[in-house]
Amino acid sequence: MTQQRDELTSPITLHHALDEIWGTKPGIGRLAAVNHNIVGRRFMLTALMFFAIGGLLAMLIRTQLASSESAFMDAEEYAQVFTMHGTIMMFLFAIPFAEGVAIYLLPKLLGTRDLAFPRLTAYGYWCYLFGGSMLIVALLAGVAPDAGWFMYTPLSSGTYSRGINSDVWLLGITFVEISALSAAVEIMVSILKLRASGMSLDRMPIFAWYMLVVATMMLIGFPPLIMGSVLLEVERAFDLPFFDPTRGGDPLLWQHLFWLFGHPEVYIIFLPAAGAISTILPVFAGAPLAGYRIIVAALVSMAFLSFGLWVHHMYTVGIPHVALSFFSAASALVAVPTAIQIFAWLATISHGRPRFSVPMLHIFGFFFVFVIGGLTGVMLAMVPFDWQAHDTHFVVAHLHYVLVGGFVFPMLAAAYYWLPHITGRQPVQHLSPAAFWMIFIGFNVTFFMMHLTGLRGMPRRVYEYPPDTGWESLNFISSAGSFVMTMGFALVALDFILLFRFGRLYVRNPWKAGTLEWAMPTPPPSYNFASLPVIDRRADMLDPDVVGPELAGGKGLLGFPRDGRMELLAVDMVSGAPEHVVRLPRQTFLPLWSAAATGCFFLSLLFKLYWATPFAFALVIFLFFLWSRDTAEPKDLEKLPVGHGLELPPHMEAERPPSWWALVFALTADATAYVSLCFGALFLWVSAPNWPPTTLIEMSIVGPAIAAMASAASALAGCRSVVARPASTLWLIVAAAGHLVTVALLAWLALTAVPDPRRHAAAASIFVVFAYAALHALMGFVFAVYGIWRVRGGFVSRRRSLDLRLGSLWHAFSAATGITAAAFPFVLTSLVKEVSQ
């Protein structure tokens, strides 16, 4: 190893050696790309394509509403266009674009070479592309979703939406959300574990703090929507009445599950853009970010508050007044952490000598628009006003002021700031100011008018209106402004094309920033840093002009290739002290094939080909098995030299490597979905009509008790397999057998002991809880078989026990779901009996 490092003293030689390992093959080999530079750019470019489609649909909406009694579109066409516009902008543009920015930037800001799980990121991208394409193809085929981007029941239920329109939304969005959850896990683990040596939590760049909070919110916020979508699709496909009030369901359950996701999503969209502002603004202000620690505290408090605001959207559905007062106060309180950030940005400007440039122009546009959106949000937080303005164009105007002001303007600033990093060229900027002013003026003309039409009583989601309402002139002005705004976005696109074609080449760090992404060549190499930095101060106060050449010369950590493997440095979560070496798997087409198989699974559900669904699911599991072929170490490696006299173990021999934390976070999301399911059943017991059911559920305790004991035995055996060497195989066989017993018993109980689940939501809830636990037990069986394969293949030793430890986590979680499922019917029945008495 010493001789190999001596041969690579030349930065050019080191570059070629690392690029051979990290680089992506040309031609069709680019489909196997997992490098975060490529995947991040793909996310952003695809999101911009969806943004263009969503913008075109917005133009169709404004054309329809420009005049009263317009014949431009009929009701069905308008419903599809309206639904798809909101769906694309919320699910296919805003969050995926923020994910793309984070995927591209975070490793550079953190001083590492890639994310923790590059293949998972690539799989997430393909799921996003395929899921979004399902929705676009449905739009072109005339069967797009038409029940609104929020899919309220019963309008989206089978009774009133008999085609596949609503199924396209439910299955397509669930497919896309796989990408969101995988990105959330990836971002959390990468920020917490893959930082530069010495980069403690209080030295992280502020953008990393923003994305850590956002990823945590995604991990908790998306599962309720996924669970709600699954329940609604099950009702549509198999007639289980979760949202049917005639059979013990309640349409309000959908609203609760949707807005448990929907209101945090507003902050999930806003915070990445705010993180970009907190990164860019100090550079152009010429002063460090004011209030770094108070901003971090504000972010955490905003994340907590955002999950207590979902009823903000449901003031008019009959919520008790005491609950209304609570949610109204919480909705107003969330303005405090938002204001803290805004005042910190203003303080940063006041402490420096601002340079006025195109990014700063868009930041000032953000201040103006977002503050107006925040003020109207506080107005809508007040119950009496909300009752008057609910479901009017005033709400539409508020939503766009918050989301466009809070996301689009900051992201345009970010684009002008970081595009030189992506392209290696500086913007031409001849069109940039004109484009900004067209967007800014067009936006305000468009949506300020909607405040007025809303106050005059114009409801949202209507495709025509009478001429005597007094809304026509305002709507015409609004539509004219929308076309001006669209021309502004077209100028931005032209400006970016000119940047790629005619932009000036530049030397390192054109903005004189203090963050690590500018301490590398641009466009960035596939490996980012030839050697990894060691940080001794806050990571936005560095000197890239000094740090960059040192790292390029291999003077940092891991400044050499080893065994042709891609290697990263993992650190302690809090202190940033180096812990172990992460050895990444090689590039492969498997993420693409796995996403395609996942798409087949969802298409089989969409077209009711249920006979094919188990085969597609089995294919997905098989392909994920293949992922692990090149992740194992066939022998103990003990300590690996990383430079500066440090020797660290490989991640397979570490106690808490990134993959362990990834499974912990994934199970947290899984638990959130399970809690959402149980919450749904309890909500129906409390609030739904037609409770209690006419036939109470009577079930013998023997079957559930045996299922619970089998689940517990599986968890115990899985735990023993880690420590009871060399009897691991025997314990894994016991775990596998316990899981099979659990699956068989829960399936038997669901089919024989539970009354017809189509008759009442109580029986349907028990049926689905049993199915959820049985699916987890089945996956526990898969984990046990996988563990046996790894042990028998010689990939597990006393030091290399990671595969078994990951399995034990799943076995324990599966046992928790199984025991809860076994107790669930008795808890629900006791509650029902209490009501009936």
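The structure holds 20 salt bridges, a salt bridge being a side-chain nitrogen of Lys or Arg within 4 Å of a carboxyl oxygen of Asp or Glu. The model is predicted, so local features need pLDDT of at least 70 and side-chain atom pairs count only at pLDDT 80 or more, whereas totals for chains, interfaces and linings use all residues. Residues are numbered from 1 along each chain as its sequence is written, and side-chain values use heavy atoms, with hydrogens and water left out.

The mean pLDDT of the protein is 93, and 98% of its residues reach 70 or more; pLDDT is the predictor's confidence in each residue, from 0 to 100. Over residues 1-7 the pLDDT is below 50, and this stretch has 9 contacts in the model beyond near neighbours in sequence. A contact here means heavy atoms within 4.5 Å. Where pLDDT is low, the predicted coordinates should not be read in detail.

Side chains of opposite charge can pair when their charged atoms come close. One of the salt bridges joins Arg 800 and Asp 636, with a distance of 2.6 Å from N to O. This pair links distant parts of the chain, 164 residues apart: Arg 800 lies in the loop between helix 23 (761-792) and helix 24 (802-836), and Asp 636 in the loop between helix 19 and strand 5 (640-643). Helices (H or I, at least four residues) and strands (E, at least two) are DSSP runs, numbered from the N terminus. Arg 800 counts as buried because its relative accessible area is 6%, while Asp 636, at 34%, is partly exposed. Buried means under 20% relative accessible area, exposed over 50%, and partly exposed in between, for a 1.4 Å probe and protein chains only.

A second salt bridge is formed by Asp 239 and Arg 247, whose closest N and O atoms are 2.9 Å apart. Asp 239 is partly exposed, with 36% relative accessibility. In the salt bridge between Arg 758 and Asp 756, the N to O distance is 3.2 Å. Arg 758 is partly exposed at 45%, and Asp 756 is partly exposed at 30%. Asp 167, Glu 233, Arg 236 and Lys 608 are linked in a network of salt bridges.

Thr 153 is placed in the loop between helix 5 (118-140) and helix 6 (165-193). With a relative accessibility of 7%, Thr 153 counts as buried. Residues up to four places away in sequence aside, Thr 153 touches Leu 232, Phe 243, Pro 251 and Trp 254. A polar atom of the Thr 153 side chain lies 3.2 Å from the backbone oxygen of Pro 251. The C-alpha atoms of Thr 153 and Asp 250 are separated by 8.8 Å, although the two residues are 97 apart along the chain. The peptide bond joining Thr 153 and Pro 154 is cis, with omega about 5°, and Pro 154 is found in the loop between helix 5 and helix 6.

Most residues other than glycine have a negative phi, and most peptide bonds are trans. A cis peptide bond also runs from Thr 522 to Pro 523, with omega near -5°. Pro 523 belongs to the loop between strand 2 (504-505) and helix 17 (544-552). Asn 528 is placed in the loop between strand 2 and helix 17; its phi is positive, near 65°. Asn 528 is buried, with a relative accessible area of 1%. Asp 391 has a positive phi near 60° and is found in the loop between helix 13 (383-389) and helix 14 (393-423). At 29% relative accessibility, Asp 391 is partly exposed.

Thr 742, in helix 22 (residues 728-753), is buried with a relative accessible area of 2%. A polar atom of its side chain lies 2.9 Å from the backbone oxygen of Gly 738. Beyond neighbours within four places in sequence, Thr 742 is in contact with Ala 707, Ala 710, Ser 711 and Ala 777. Gly 599, in helix 18, is also buried, at 7%. Phe 607 is in the loop between helix 18 (590-606) and helix 19 (613-627), and is partly exposed at 49% relative accessibility.

How values were computed. Polar contact = N/O pair within 3.5 Å; in protein donor to acceptor, adjacent residues only side chain to side chain.
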